[in-house]
Each structure stands twice: as C-alpha cells, then as structure tokens.
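Please look through the sequence and the model with me before reading the points below. I have set them out in the order in which I would go through them with a colleague.

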Amino acid sequence: MSTSRYLLAAVVAGAVAASGCGSADKSDDGADHGGPMLTAAQRQRLTIQPVARTTFRPAIEVTGTVAFDGDRSTQQICPISGPVSKVLVEPGARVHAGQVLALVSSPDYASAISGYRKAEASATNLQRIADMNQKLFDNDALSRRDLEQSQTDASSALADQDAALEQLRGIGIDSAAVEAIRSHRSRPGGLGEIRAPIEGTVVEKLIAPGQLLQAGTTPCFTIASLGSVWVMANVFEADLPYVAEGDSVDVRSTDDTSRVYHGRVTYVGALVDPNSRATSVRVVTTNHGEDLRRDMYVRATIHSRRDKTGTLLPASAVLRDDDNLPFVYIATNDSSYARKQVTVGPHVDNRIEVTSGLGIGDRVVSDGGLFLQFAESQ
C-alpha cells in the first residue's frame, strides 16, 4: 500500500470504526455480508460500477524460453574427413558466408582434386574423338553406330566432369580455388577447408586441433544470426482460441522487465501436452543488443486480434486477502459493503478480466476498496 493510501485510511479510520463493522456472514451468493457501514459523506469517497459484459481483445500472459532463430542459424557439419590442422575462429567471432573457419589435413581434399582432373582429361579426350568421328562419318568413312557411340561416351565423360566439379564445391573449396584447379594453376597449400555456410556469429566451437573428423558426421561449429531469436512459449488450451499466427507479442526477460522486445506469433502447435495441458507457440522477436540468450526464461504478452466477451473491472477494484486470494467489494441494499471472492484472468491495459464470481448488475467498488479493506481491519 502506498503512503498516500495509508494517510487516507488513517484520516477516516476513526469515523469508520464509530460506524461499526458487523460480523461477516457469507450468504448463498458467495458474498461476506455485514461489512463496513459508512456514512453518506464516506460513501462519496467510493466509486461504484455496475458489472456488465463487454467485448475486448485479451492479452495472454505466458512464459517461454529463448532459442536461436532456426531460419538464421545452423550447425556446420564437417564435409571432409581427417585430423584438424588449425582452428581459425573462436566463439563470439562474426563471420561471413564462405569464410574459412578451420583447416583439415584430409585425403578427401587431394582425392577430389585428382578425381576432377581425371574426369576433365577424359571428357576432353572423348570429345576430341567424337569430333573426329563426326568428320569421318561426313565423308562416309564411319558407320552411324560408331559415331553415336563416341558421342554417347563424350556426353557421359562430360557428366562425370560436372559431378567431379560439384564434389569440389561440396567439400568446401571456394569458387576462386575451383577456377584455379580448372585452369591448371597450382593451388597454394594442401589442406581442406571448413567454411561458414551463413553469415552470423560463432556461438559454439565443437572441434580442436588434432581431432579426427568424420565427413558428414562430426559437428564443427554452430553459427547463428543473433539479431532475432525464437521464443518458445506455452499457451494453455483455454487461451488457444485467442492465439493465432500474426498476433503481436511483447517479450520481457525475468531480470529486466522494463525492456521490451517486440515480436510476432509465427506458429501455433498442433498438439497439447498431456501433462501440462499447454501448446507450444513460436514467437519470432527482435533481439536488439543481443541480450536475449538461448535457454533464457522470458515472459511474453500475446496481444490477441480476436474479440472476447467478458467482464472487465479497473485493476483497483480487485484486492487480495490474507491468503492472496482475489476479491472485490460489492455494495449491498442495506448501504453496507461486502466482500466477494472472484477468479481473475489477465490484465487488459489498466483493467483486469474477472472470469467468475460476479453476476450482471452487481455493484462493485471500483475505486476506494483499499479504504474499505483498511476499515475492516480496525
């Protein structure tokens, strides 16, 4: 309770005490009757609001964990086998697509270059033979069958050359090195390279010099673009009708609730967890400053775009008892005020949804309930 409210309660406590606070008898309507009896002047300090149904768009409060943006992160798997010769980057390094991350002493590298050069030589030779046979056929010195066979052999050899070229690219050899090999220029060094597949930050280094790598199996690095992240939130099934793709989301870390990250719902799961009765919802959110980190717990507010009909009261109308249970004061016909236990939902701006405990037409103390609660305690 704020200092000003304490002063207000202190000023009127004597007058309220003089009016008496009857014993609280709970009736069938769930209200505790026999509350404070106030004078007309004291009642003027209270604001009474009748309960009515209204249409609003709810804000669903959920919790979740941070994950790397799956569309902008990847784990680099080693494309070649062999021992690691040198690691060129450390976690935290920002890399661009194609940048060399590590060097590997690999027989796969030498084998791929050799295979390409053999395929190239075979394709060149068989194409030369096919061209010669075409001239012989034009001069009636060669049968059509032999001509077609030589042309087939040349086409097959050219396909093998293209496959060998793709194998060079597949093991991480960049375009400049491939062009050097095709031009029969010597290539400095004899080490294979592991290159970054995307632009981003190296968030994990999983290899060390001397470690033996297995092509297509050993993970080497994890690279992620940290400007945006996923938040995997859990939405209970009662709130699922009001959550849809495209809904805006405000994300706050549990340590710094004043800083808000803005995102959107991009996926609503198709399964409900049988234990928690919640569904996984994916939110893509900005990560300015890169302060949201993988596996961090966060709170998210999903702003629904779907209308809901219910009861909204000012947040000041809902108080808490000694057991931290929510209740409101309602005005009775005998000019007294009674407590009534309620069940509340999420906040909607400066209002709060009451899901049960009140009936249409109940007259609720929307402002001044704290004064009544203090008076009751005297």
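1. I begin with Gln44, which counts as exposed because its relative accessibility is 70%, the cut-off for that word being over 50%. Gln44 is found in the loop between helix α2 (residues 40–43) and strand β3 (residues 47–50). Although Gln44 and Gly368 are 324 residues apart along the chain, their C-alpha atoms are separated by 9.8 Å. Please keep in mind, here and in every later point, that this is a predicted model.

2. For the chain as a whole, the secondary structure comes to 6 helices and 25 strands. The protein chain has 378 residues, of which 38% count as buried, and it exposes about 20,300 Å², with carbon and sulfur atoms supplying 49% of that area. Among the contacts in the chain with a separation of 6 or more, 71% are accounted for by residues 24 or more positions apart.

3. Which residues of the chain does Val298 contact, once its neighbours within four places in sequence are left aside? Val298 lies in strand β18, which covers residues 297–303, and its contacts are Val62, Thr63, Gly64, Val66, Val231, Val251, Arg252, Ser253, Thr254 and Leu292. One of these, Val62, is 236 residues away from Val298 along the chain, and yet the two C-alpha atoms are separated by 8.7 Å. Val298 is described as buried because its relative accessible area is 2%, where the word requires a value under 20%.

4. Glu290, placed in the loop between β17 (residues 278–286) and β18, has a positive phi of about 55° although it is not a glycine. Asp295 lies in the loop between β17 and β18 too, and its phi, near 75°, is again a positive value in a residue other than glycine. As for accessibility, Glu290 is partly exposed, with a relative accessible area of 23%, whereas Asp295, at 54%, counts as exposed.

5. After the helix comes Asp140, whose phi is positive, near 55°.

6. Gly172, which follows α4, has a positive phi, near 100°.

7. Gln151 also lies in helix α4, but at 33% relative accessibility this residue counts as partly exposed. Not counting residues up to four places away in sequence, Gln151 touches Ala130 and Gln134. The C-alpha atoms of Gln151 and Arg128 are separated by 9.9 Å, and these two residues are 23 places apart along the chain.

8. Helix α4 (residues 144–170) and helix α5 (residues 175–182) pack at an angle of about 145°, with their axes 10 Å apart, and their crossing is right-handed. In this packing, Leu165, Leu168 and Arg169 of α4 meet Val178, Ile181 and Arg182 of α5. Sorted by class, the contact has 4 nonpolar residues, no polar ones and 2 charged ones.

Methods: Residues are numbered from 1 along each chain as its sequence is written. This is a predicted model: local features need pLDDT of at least 70, side-chain atom pairs count only at pLDDT 80 or more; totals for chains, interfaces and linings use all residues. Side-chain values use heavy atoms; hydrogens and water are left out. Helices (H or I, at least four residues) and strands (E, at least two) are DSSP runs, numbered from the N terminus. Buried means under 20% relative accessible area, exposed over 50%, partly exposed in between (1.4 Å probe, protein chains only). Contact means heavy atoms within 4.5 Å. Accessible areas come from the Shrake-Rupley method with a 1.4 Å probe; for residues, only the protein chains shown count as cover. Axes are lines fitted to C-alpha atoms, for helices over the stretch in contact, and angles run from 0 to 180 degrees between N-to-C directions. A crossing is left-handed if the near helix is turned anticlockwise from the far one by less than a right angle, and right-handed if clockwise. Ala, Val, Leu, Ile, Met, Phe, Trp, Tyr, Cys and Pro count as nonpolar, Asp, Glu, Lys and Arg as charged, and the others, Gly among them, as polar.
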